[in-house]
Amino acid sequence: MGDRDTALARAERAHRLAPNAANVTDTYGWVLWMQSGSDRALPLLEDAAKRLPNSAEAQYHLGLALVKHG
């Protein structure tokens, strides 16, 4: 398993274990986005940004995904 696969597997597992943790949701969405630009990432990033309005990192992740997604 490569580093990218490991990152995705760990982020996905963390999200299953703590689905209400906004930081975990942001990380999972960001890993998904970075690996494939996946449409599955956008709802996760939107949710995280909404729940973390003062997190520049979460806002950046969502903003970049939206710009790249069109």
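**Close-up 1. The buried residues of helix H3 in a predicted model.** Helix H3 covers residues 41-51. Ala41, Leu42, Leu44, Leu45, Ala48 and Ala49 are buried there. Seen down the axis of H3, these buried residues fall within an arc of 160 degrees, so they line one face of the helix. An α-helix has 3.6 residues a turn, so residues three or four places apart point the same way. What covers the buried residues of H3? The cover includes helix H1 (3-17), helix H2 (22-36) and helix H4 (56-69).

**Close-up 2. The aromatic pair Trp30 and Tyr60.** The structure holds one aromatic pair. Trp30 and Tyr60 form this pair, and its geometry is tilted. The ring centres are 6.2 Å apart, with 55 degrees between the planes. Trp30 belongs to helix H2 and Tyr60 to helix H4, so the pair ties together parts that are 30 residues apart in sequence. Trp30 has a relative accessible area of 17%. Buried means under 20%, so Trp30 counts as buried.

**Close-up 3. Asp26, a buried residue without a salt bridge.** Asp26 is found in helix H2. Asp26 is buried, yet has no salt bridge. Where is the nearest side chain of opposite charge? That side chain is Arg51, 9.5 Å away. A salt bridge needs a side-chain nitrogen of Lys or Arg within 4 Å of a carboxyl oxygen of Asp or Glu. Leaving out residues up to four places away in sequence, Asp26 touches Leu45, Ala48, Glu57, Ala58 and His61.

How values were computed
Residues are numbered from 1 along each chain as its sequence is written. This is a predicted model: local features need pLDDT of at least 70, side-chain atom pairs count only at pLDDT 80 or more; totals for chains, interfaces and linings use all residues. Side-chain values use heavy atoms; hydrogens and water are left out. Buried means under 20% relative accessible area, exposed over 50%, partly exposed in between (1.4 Å probe, protein chains only). Helices (H or I, at least four residues) and strands (E, at least two) are DSSP runs, numbered from the N terminus. The arc is that of the directions from the helix axis to the C-beta atoms. Contact means heavy atoms within 4.5 Å. Rings of Phe, Tyr and Trp (its six-membered ring) pair if their centres lie within 6.5 Å; planes under 30 degrees apart count as stacked, over 60 as edge-to-face and the rest as tilted. Lys and Arg count as positive and Asp and Glu as negative; His and the chain ends are not counted.
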